[in-house]
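User: I'm new to this structure and would like to learn how to read it. Could you walk me through it feature by feature?

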Amino acid sequence: MTWLTEWAGYLPQMMSGLGVSLLIAGISIFFGYPLGLALSLMVTAKNLVVRTFGLAVVEIGRGAPALVILYLFYYGLPKFGIAFESITAACLALTWNSAAYSSEIMRAGLQSVARGQLEASNALGLSKRDTFLRVIMPQGMRSAIPGLMGVAIQMFQGTSLAYAIAVPELMKSAYNIGSQDFNYLQIFTLAGLCYAAISMPATWITVFFEKRMARHA
């Protein structure tokens, strides 16, 4: 029996795990990006307390390994009477990770808006709120798109860490299948191909956007 034939038999069992991985990644991105925008604004706030809190959240989220954050949510919080299901803990941990990384990308994007744009907004009599929503935000987010797409790929690949707390994602499914006949080489190779099938096209799209935006910059 060839590898391709065996993979054809394994693949249906792994699709449920892949679905869980995509779900966790989707949730972490859906909630992480708005939180990242809020954090980017907090980091640049004039209020020292707000700025310090935002910096602490961002630096811990970026500095601590995602696996450590995952363990904190799943194994650490129960010490304080706060317990989460494994998949919920994985979503929360990766959302924090996503928010921390995306906040820096968004902050850089917002700060890249030319000062002349702000001066023109002031000359037109726009309020600070309208200037941010109509001038700074659209231009800043446009330049942040490639970086945010990269974070999305990183979050999808990071879902493999949820295996450590028994979330039934792709790696956990692969391990369960492999443990039946100890055929780990073939099954983990297939798992890697499943990750690549999602990550590689997403990377190509990211590169396309980067080149397109560089051409129109």
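User: Let's start with helix packing. At what angle do the axes of helix α2 and helix α4 cross?

Analyst: Two ideas come in here. Helices (H or I, at least four residues) and strands (E, at least two) are DSSP runs numbered from the N terminus. Axes are lines fitted to C-alpha atoms, for helices over the stretch in contact, with angles running from 0 to 180 degrees between N-to-C directions. Here, helix α2 (residues 48-63) and helix α4 (residues 86-111) have axes that come within 8 Å and cross at roughly 110 degrees. Angles under 35 degrees count as roughly parallel, over 145 as roughly antiparallel, 65 to 115 as roughly perpendicular and the rest as oblique. So α2 and α4 are roughly perpendicular to each other. One thing before we go on: this is a predicted model, where local features need pLDDT of at least 70 and side-chain atom pairs count only at pLDDT 80 or more, while totals for chains, interfaces and linings use all residues. Residues are numbered from 1 along each chain as its sequence is written, and side-chain values use heavy atoms, with hydrogens and water left out.

User: Which residues of α2 and α4 make the contact?

Analyst: Contact means heavy atoms within 4.5 Å. On the α2 side you'll find V57, V58, I60, G61 and R62, and on the α4 side W96, N97, A100, Y101, S103 and E104. For classes, Ala, Val, Leu, Ile, Met, Phe, Trp, Tyr, Cys and Pro count as nonpolar, Asp, Glu, Lys and Arg as charged, and the others, Gly among them, as polar. That gives the contact of α2 with α4 six nonpolar, three polar and two charged residues.

User: Is A100 buried or exposed?

Analyst: The cut-offs first: buried means under 20% relative accessible area, exposed over 50%, and partly exposed in between (1.4 Å probe, protein chains only). A100, which is found in helix α4, has a relative accessible area of 0%, so A100 is buried. Leaving aside residues up to four places away in sequence, A100 touches V57, V58, G61 and R62. Take V57: A100 and V57 are 43 residues apart in sequence, but 7.1 Å apart in space, C-alpha to C-alpha.

User: How do α1 and α2 pack?

Analyst: Their axes are 7 Å apart, at an angle of about 130 degrees, so α1 and α2 are oblique to each other. L39, M42 and V43 in α1 meet V50, R51, F53, G54, L55, V57 and V58 in α2. By class, the contact of α1 with α2 has eight nonpolar, one polar and one charged residues.

User: And what about α5 and α6?

Analyst: Helix α5 (residues 115-123) and helix α6 (residues 128-158) have axes that come within 11 Å and cross at roughly 160 degrees. That makes α5 and α6 roughly antiparallel to each other. Q117, L118 and S121 of α5 make the contact with T131, V135, I136 and Q139 of α6. Those residues divide into three nonpolar, four polar and no charged.

User: How many aromatic pairs does the structure hold?

Analyst: Rings of Phe, Tyr and Trp (its six-membered ring) pair if their centres lie within 6.5 Å; planes under 30 degrees apart count as stacked, over 60 as edge-to-face and the rest as tilted. The structure holds eleven aromatic pairs. In one of them, the rings of F73 and W96 have centres 6.2 Å apart and planes at 90 degrees, so the pair is edge-to-face. F73 sits in helix α3 (residues 66-76) and W96 in helix α4, 23 residues apart, so this pair links distant parts of the chain. F73 counts as buried, at 16% relative accessibility.

User: What kind of pair do Y175 and Y184 form?

Analyst: A stacked one, 5.8 Å centre to centre with 25 degrees between the planes.
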